[in-house]
Amino acid sequence: MAIYQLIYVSSATETFTREKFLDMAFVMSSENTKVGITGMLVFKDGNFMEVLEGEELAVKGLFGKIEQDSRHTLVSVIQEGEISTREYPSWAMTFYNPQTEEYEHVGSPIQWQDKL
Ligand SMILES: Cc1cc2nc3c(=O)[nH]c(=O)nc-3n(C[C@H](O)[C@H](O)[C@H](O)COP(=O)(O)O)c2cc1C
């Protein structure tokens with residue numbers, strides 16, 4: 001079965017410290033694993049970029065919730081459609097730390113085994 005991929009960007013409506021971003025991102029990580037969604041979430045300079053990959057209904061269902069989340073605004077889809085294999089077979093999170101001027105990559109300990 002084909003994989004559905006959706007990529008969007010948005011702007012945070014609240015201040016996200018490193019801790020706050022990681023707390024939120026880890027909750028999402030386990031939620032996504034439950035429904036077979038992989039991808040990545042990046043936060044930099046007040047903006048998010050997220051890649052969601054999985055079954056079409058799962059991706060669209062999740063995105064429907066994300067779009068209405070008041071923690072961000074100006075949610076703009078930059079790409080969506082079917083792909084033949086996952087480009088992001090696990091879940092990854094990246095926080096740009098303005099203090100150190102470095103991207104901190106936080107991997108999920110859970111690897112989704114692609115059964116689709
Ligand atoms: C930038 C951003 C990215 C999000 N990404 C995800 C995600 O990948 N997975 C997820 O389950 N929730 C994500 N959420 C949270 C959802 O918007 C929503 O709060 C969550 O799915 C719980 O919804 P529910 O309580 O209606 O089930 C994200 C929220 C924001 C602001």
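A residue counts as buried when its relative accessible area is under 20%, as exposed when over 50%, and as partly exposed in between, using a 1.4 Å probe and protein chains only. With that rule, Glu101 is exposed, because its relative accessibility is 61%. Welcome to this briefing! The structure is a predicted model, in which local features need pLDDT of at least 70, side-chain atom pairs count only at pLDDT 80 or more, and totals for chains, interfaces and linings use all residues. Residues are numbered from 1 along each chain as its sequence is written, and side-chain values use heavy atoms, with hydrogens and water left out.

**Overall build**

- The chain holds two helices and six strands, where helices (H or I, at least four residues) and strands (E, at least two) are DSSP runs numbered from the N terminus.
- For 116 residues a compact globule would come out near 13 Å, and the chain's 14 Å agrees with that.
- Along the principal axes, the C-alpha atoms fill a box of roughly 45 × 30 × 20 Å.

**Inside, surface and charge**

- Of the 116 residues in the chain, 40% are buried.
- A contact means heavy atoms within 4.5 Å. Among contacts between residues at least 6 apart in sequence, 74% join residues at least 24 apart.
- The accessible surface is about 6700 Å², with 53% of it belonging to carbon and sulfur atoms. Such areas come from the Shrake-Rupley method with a 1.4 Å probe, and for residues only the protein chains shown count as cover.
- The chain has 9 positive and 18 negative charges, and their mean positions are 5 Å apart. Here Lys and Arg count as positive and Asp and Glu as negative, while His and the chain ends are not counted. Each charge is placed at NZ of Lys, CZ of Arg, CG of Asp or CD of Glu.

**The annotated domain**

- An unreviewed UniProt entry places the feature "domain: BLUF" at residues 3-94. UniProt positions are given in the numbering used here, feature names are shortened, and annotations may be inferred rather than shown by experiment.
- Over residues 3-94 the chain is 32% helix and 45% strand, and the end C-alpha atoms are 23 Å apart.

**Residues in strands**

- Tyr4 sits in strand β1 (residues 3-12) and is buried, with a relative accessible area of 8%.
- Setting aside neighbours within four places in sequence, Tyr4 is in contact with several residues, including Leu52, Gly54, Val59 and Gly81.
- Although Tyr4 and His105 belong to one chain, they are 101 residues apart along it, and their C-alpha atoms are separated by 24 Å.
- Gly54, one of the contacts of Tyr4, lies in strand β3 (residues 47-54) and is buried at 0% relative accessible area.
- From Gly54 to Leu74 is 20 residues in sequence and 23 Å in space, C-alpha to C-alpha.
- Gln79 belongs to strand β4 (residues 72-83) and is partly exposed, at 43% relative accessibility.
- Not counting residues up to four places away in sequence, Gln79 touches Gln5, Leu6 and Ile7.
- Gln79 and Val51 are 28 residues apart along the chain, with 9.2 Å between their C-alpha atoms.

**Two loop residues to look up**

- Asp45 is found in the loop between β2 (38-44) and β3. This residue has a positive phi of about 50°, although it is not a glycine, and it is exposed, with a relative accessible area of 53%.
- Glu101 is not a glycine, yet it has a positive phi of about 55°.

Technical notes: Rg over C-alpha atoms; globule rule 2.2 N^0.38 Å.
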